[in-house]
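Let's walk through how to read a two-chain model, one feature at a time. Have the viewer open and follow along.

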Amino acid sequence: MFPSRIWREKAQRYRLEAGKCTKCGYIAFPPRLICPECGVREFETITLPDTGKIVTYTVIRVAPSQFTDEAPYAVGIAELANGVKIMAQIADCKVEDIKVGMEVVIEFRRVQTDGHHGVLSYGYKFVPKWY
Amino acid sequence: MRDVAVVGIGMNKWGEIWAKSFRDLFVEAALMAIDDAGVDRLDSMTIGCMTGGLFVGQEHLASMMADYLGYKNLPAARVESACASGGLAFRTAYIEVASGMSDIVLAGGVEKMTDVSGDGATYALATAADQEYEVFHGATFPGLYALMAVAHMEKYGTTRDMLSSVAVKNHHNGSMNPNAQYPFKISVEDVNNSVMVASPLRILDCSPITDGAAAVILTTVDIAKKLGKPIIKIIGSGHATDTIALHSRKDLTTLDGTTVAAKRAFEMAGKTIKDIDFAEVHDCFTIAEIIVSESLGVFEPGQGGVAAQKGETGLEGSFPINTSGGLKSKGHPVGATGIGQAVEVIKQLRGDAENGRQLKNNPKTALMQNMGGSGGSTLVHILEVA
């Protein structure tokens with residue numbers, strides 16, 4: 001994976017930066033140039049909340065090559081406190097314990113490694129909210 | 001706009017076709033369609049192919065296929081919308097004939113998927129999803145449809161056996177299709193006990209990796225009459241996109257692209273779902289057929305799985321779906337799938353479906369729905385015997 005491709009997404013993957021439409025309040029993650037709800041092109045930069053609830057999930061057993069060492073692993077969609085939905089892996093729990101409605105915290109984690117000598121890709125994963 | 005008819009169909013045996021090349025697969029199906037139509041010329045050709053580049057390292061395939069079809073200097077183009085590329089080729093050819101730009105157009109589809117490893121195919125197919133916000137996190141295509149399945153099961157109580165009943169029905173139909181990749185019957189237990197791919201979806205919930213091609217010839221109704229072929233008209237064409245990423249959708253249990261594309265096709269045809277006798281739909285996974293049947297309006301939301309389990313979508317049911325065996329049994333050479341659907345629809349409307357899978361009520365009106373990615377592109381067409 002080319003470093004520029006990872007570098008371009010760092011504000012989203014490292015800091016959860018999103019764009020909030022200045023007219024209708026639509027939150028774009030990742031940020032967009034034009035609001036799909038009202039057509040306005042002005043956004044303010046906001047940070048997504050770091051908690052949410054799992055709305056659906058799957059446990060992937062047949063994995064792409066860069067994830068085979070981690071299989072089986074869970075991928076889910078969480079709805080955050082502000083209504084935005086994002087996708088990520090669900091980590092730090094047994095896959096059997098995952099349930100729809102489970103509360104999660106979004107944490108900064110390593111997501112991919114590009115072989116033994118390639119670039120490490122960081123981003124976010126969901127972990128169960130135990131506290 | 002001129003009235004347009006489908007006058008020729010061509011499709012070879014789909015499967016793991018090691019002995020045939022990408023170009024020969026396509027040319028074989030194209031020649032079958034040309035021969036079936038009895039046309040002595042083509043004015044143009046449109047080919048659906050998702051990713052010849054990733055599967056066989058071959059882009060610019062319009063030039064190659066026109067060349068190997070023996071049509072020097074033919075205007076030809078390749079169109080792409082992931083797994084909906086074939087449906088898009090059909091619509092593109094339809095618009096070209098309807099507009100008056102060309103009189104006889106070949107709409108084809110082709111994909112050669114087994115020259116790469118399973119991992120290579122997973123990578124190529126995943127390019128139809130959002131690379132940075134889905135695939136980056138380890139999502140696969142079975143995974144994306146599994147996310148829809150879990151949401152549907154949570155909201156409506158759709159069960160494991162309901163999913164399995166879709167695969168069982170499609171394999172039953174496919175067992176009568178000589179072109180199907182997997183023309184054998186399976187049981188609910190076979191599906192329930194097959195290897196887990198992405199929970200809750202098991203390997204027998206998934207359509208296979210397939211080599212294959214299909215082609216149809218579109219022309220004006222006037223020319224069709226001169227050819228002496230049964231006149232089967234395209235009376236509705238609908239096309240819609242939806243968000244590329246699944247998580248951007250408000251409702252994970254419906255496919256809005258399908259609903260909107262169908263609405264456009266119905267409005268154009270002056271029909272409703274009640275006027276449709278049967279359908280070929282995009283069952284890339286069992287859950288897809290269930291959700292599509294609801295999004296088309298065949299069944300109420302949440303009732304698609306119940307209806308499938310009751311046999312409503314079987315050959316003898318109230319609304320037969322995927323008489324060909326669907327993507328599940330017939331195979332899913334992604335760029336060819338939309339045209340493969342057209343081949344089955346035409347066979348049924350002509351009364352020519354093989355080996356006892358011909359619908360008995362003299363079907364007159366059919367719908368076909370072909371989608372790409374997790375529903376980010378959808379084509380719906382309605383065909384009717386004139």
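This is a predicted model: local features need pLDDT of at least 70, side-chain atom pairs count only at pLDDT 80 or more; totals for chains, interfaces and linings use all residues.

**Reading the model, feature by feature**

Q: Which residues of α10(B) are buried?

A: For burial, count neighbours: a residue is buried if 20 or more other C-beta atoms lie within 10 Å of its own. In α10(B), that picks out B:Gly257, B:Thr258, B:Thr259, B:Ala261, B:Ala262, B:Ala265, B:Phe266 and B:Ala269.

Q: Which residue just after α10(B) takes a positive phi?

A: Check B:Gly270, with a phi of about 70 degrees.

Q: Now the chain contact. How many residues of chain A are in contact with chain B?

A: The size of an interface is often given as the accessible area lost when the parts come together. Here we count residues instead: 25 of chain A are in contact with 25 of chain B. On the chain A side, β4 (51–60), β5 (73–80) and β6 (85–90) each supply at least two residues. The largest share, 6 residues, comes from β4(A). By class, that side of chain A has 17 nonpolar, 5 polar and 3 charged residues.

Q: Is β4(A) mostly covered or mostly open?

A: In a regular strand the side chains alternate between the two faces of the sheet. As for burial, β4(A) is mostly covered, with 7 of its 10 residues buried.

Q: Which strands does β4(A) pair with, and in what sense?

A: Look for bridges. β4(A) pairs with β5(A) in the antiparallel sense over 8 bridges, and A:Ile54 stands opposite A:Ala78 in β5(A). β4(A) also pairs antiparallel with strand β7 (residues 103–113) of chain A, over 3 bridges. There, A:Gly52 has A:Val104 of β7(A) as its bridge partner.

Q: What does the domain assignment of chain A give?

A: Chain A has domain 1 (1–48) and domain 2 (49–131), with 20 Å between their centres, taken over C-alpha atoms. The contact takes 10 residues from domain 1 and 15 residues from domain 2 of chain A. On the domain 1 side, α1 (3–8) and α2 (10–15) of chain A each supply at least two residues. That side of domain 1 of chain A has 9 nonpolar, no polar and 1 charged residues.

Q: Into which domains is chain B divided?

A: Here the bounds come in pieces: domain 1 of chain B is 4–117 + 210–227, and domain 2 is 138–205 + 235–385. Their C-alpha centres lie 23 Å apart. The contact takes 35 residues from domain 1 of chain B and 29 residues from domain 2 of chain B. On the domain 1 side, β1 (4–11), α4 (85–98), β4 (104–112) and β7 (211–220) of chain B each supply at least two residues. The largest share of that side, 8 residues, comes from α4(B). The residues on that side of domain 1 of chain B divide into 20 nonpolar, 11 polar and 4 charged.

Notes. Residues are numbered from 1 along each chain as its sequence is written. Chains are lettered from A and ligands numbered from 1 in the order in which they are written. Two residues are in contact if their C-beta atoms, placed from the backbone, lie within 7 Å. Helices (H or I, at least four residues) and strands (E, at least two) are DSSP runs, numbered from the N terminus. Ala, Val, Leu, Ile, Met, Phe, Trp, Tyr, Cys and Pro count as nonpolar, Asp, Glu, Lys and Arg as charged, and the others, Gly among them, as polar. A residue is buried if 20 or more other C-beta atoms lie within 10 Å of its own, exposed if 12 or fewer, and partly exposed in between; C-beta atoms are placed from the backbone. Domain bounds come from an automatic or database domain assignment. Two strands pair if DSSP finds at least two bridges between them.
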